[in-house]
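Reader: I have a model open and want to learn how to read it. Where do we begin?

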Amino acid sequence: MIYADNAATTKLDIDAFEAMKPYLLQEYGNPSQPYFFSRATKKALRKAREIIANCIGALPEEIYFTSGGTESDNWAIKGVVHGKKKGIITSVIEHHAILNACAATEKFGTNVKYLLADEKGLVSSDELEAIINDDTALVSVMYANNEIGTIEPIKELAEIAHRHGALMHTDAVQAVGHVPIDVNYMVIDMLSASAHKFNGPRGIGFLYIREGTCLTPFFDGGAQEKNMRAGTENVAAIVAMATALQKNCEKMKEVEVRLLNIESKFFSILDNNYLEYSQNGAYPKIPGNINISIKGTSGEMLLHRLDLKGICVSTGSACDSVNTQVSHVIKAISVPEEYAQGTIRISFGRDNSEEEAIVVAETILEIIQGKNGQVEKLEGKS
Amino acid sequence: MISTNKRCISCEEEELSKNTIGINRKLLGEDIIDFYCMNCLANYLEVTVDDLYDKIEEFKDEGCKLFE
């Protein structure tokens, strides 16, 4: 099996797994309790918060544990709509956790505006400057796109947002643990992250909230997370998340170099075999994220054929029970129609090898060029 | 409406089911008009017939109308 869908989820890091075990089996005290048995879990939470904060240049008290990226995104969006300002600006290429959360706020009277993306998937700071106004409460633009990997000009966007008195949130689910992030340098007010995208466990993530940011609690309940996010903390997962993030940050440069070599090998095989494709996204992008649109084929067909060969990738188009629909991101970046339906995302991660990249590229060629959907009479039959 | 050949293009097995035609379309292309039976399709793709039935079940779970 070749797993090349690391933008969807990643393999749990072995050290992260080992780090969580004591908090599942021995140190299971509820960190909200005042007795000695809960002291170890309290300390573990404190240490995890420090580690995570250090990885993104934040203060420990600015890290709020959540169940993952979707919750963090929903909190950041819905937590600002009860103020006087009613404007939200986001982009057309956001993850549905943002798009649907923004749409849901409209029942509270918000006015949501959408930034367009160019053919590389970049949103424009000029366009933000043109549509932002003093009623804008929040600008939310993803750090890196989950389909095409493009890294957005977050610092520029954040500076514009601040000039107009708006908060800047970024969905950094695809970026945290893969590219360097400093929330102070980037002047970000809120940042969403999900552990399973950086070799941590599923079901855990965090929202960075800059000190002094006015945000309402997402859940009503207990006093956890300074009364901001009720619910008993998942200590084991939090500890594992911190372990995985620290390890990814320490090895970030080394992994990036390896992934760029893998990408280069992959593309050289496609190019040497004259495959007609376009590469989607811009540089800089998330290392290992390859999004290509192949002329005259079906991304969905390719995905399922690769699956039957034991190769896991993702597609930028999917059958909606009747017709093949191109994803909102591929539509937004205006990939030509004859290419768009043949879009696949191959996201190599730190555990992939160059040999695997070669197999993936050669298998794509075999499917596209070798048989290309042509029904042939099999030898020795009929 | 393009007419389709409901006989296996390879072994000429007759009366291919909706599911068989559906899995051909999914794995070989939406526009094909000739089809393989399950055995010949598995042979062509170098997979097992059970692999193909697993895929059919997944497509049905997703609500794909190409299957019954």
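**Reading helices and cores**

Author: Start with one residue: A:Met241 lies in helix 8 of chain A. Helices (H or I, at least four residues) and strands (E, at least two) are DSSP runs, numbered from the N terminus. The model is predicted: local features need pLDDT of at least 70, side-chain atom pairs count only at pLDDT 80 or more, and totals for chains, interfaces and linings use all residues. Residues are numbered from 1 along each chain as its sequence is written, chains are lettered from A and ligands numbered from 1 in the order written, and side-chain values use heavy atoms, without hydrogens and water.

Reader: Is A:Met241 buried or exposed?

Author: Buried means under 20% relative accessible area, exposed over 50%, partly exposed in between (1.4 Å probe, protein chains only). A:Met241 has 0% relative accessibility, so A:Met241 counts as buried.

Reader: Which residues is A:Met241 in contact with, leaving aside neighbours within four places in sequence?

Author: Contact means heavy atoms within 4.5 Å. With those neighbours left aside, the partners of A:Met241 include A:Ile52, A:Phe65, A:Phe198 and A:Phe206.

Reader: At what angle do helix 2 and helix 8 of chain A pack?

Author: Axes are lines fitted to C-alpha atoms, for helices over the stretch in contact, and angles run from 0 to 180 degrees between N-to-C directions. Helix 2 (residues 39-56) and helix 8 (residues 235-250) of chain A pack at about 30 degrees, with axes 9 Å apart. Angles under 35 degrees count as roughly parallel, over 145 as roughly antiparallel, 65 to 115 as roughly perpendicular and the rest as oblique. Helix 2 and helix 8 of chain A are therefore roughly parallel to each other. Among the residues that make the contact are A:Ala48 and A:Ile52 of helix 2 of chain A, and A:Met241 and A:Leu245 of helix 8 of chain A.

Reader: How do helix 1 and helix 2 of chain B pack?

Author: Helix 1 (residues 18-28) and helix 2 (residues 38-45) of chain B pack at an angle of about 20 degrees, with their axes 10 Å apart. That makes helix 1 of chain B roughly parallel to helix 2 of chain B.

Reader: How many residues does the largest nonpolar core have?

Author: A nonpolar core is a set of buried Ala, Val, Leu, Ile, Met, Phe, Trp, Tyr and Cys residues joined through side-chain atoms within 4.5 Å. The largest has 57 residues, and A:Tyr143, A:Ile181, A:Leu191 and A:Phe206 have the most contacts inside it. Helix 8 of chain A gives the largest share of this core, 10 residues.
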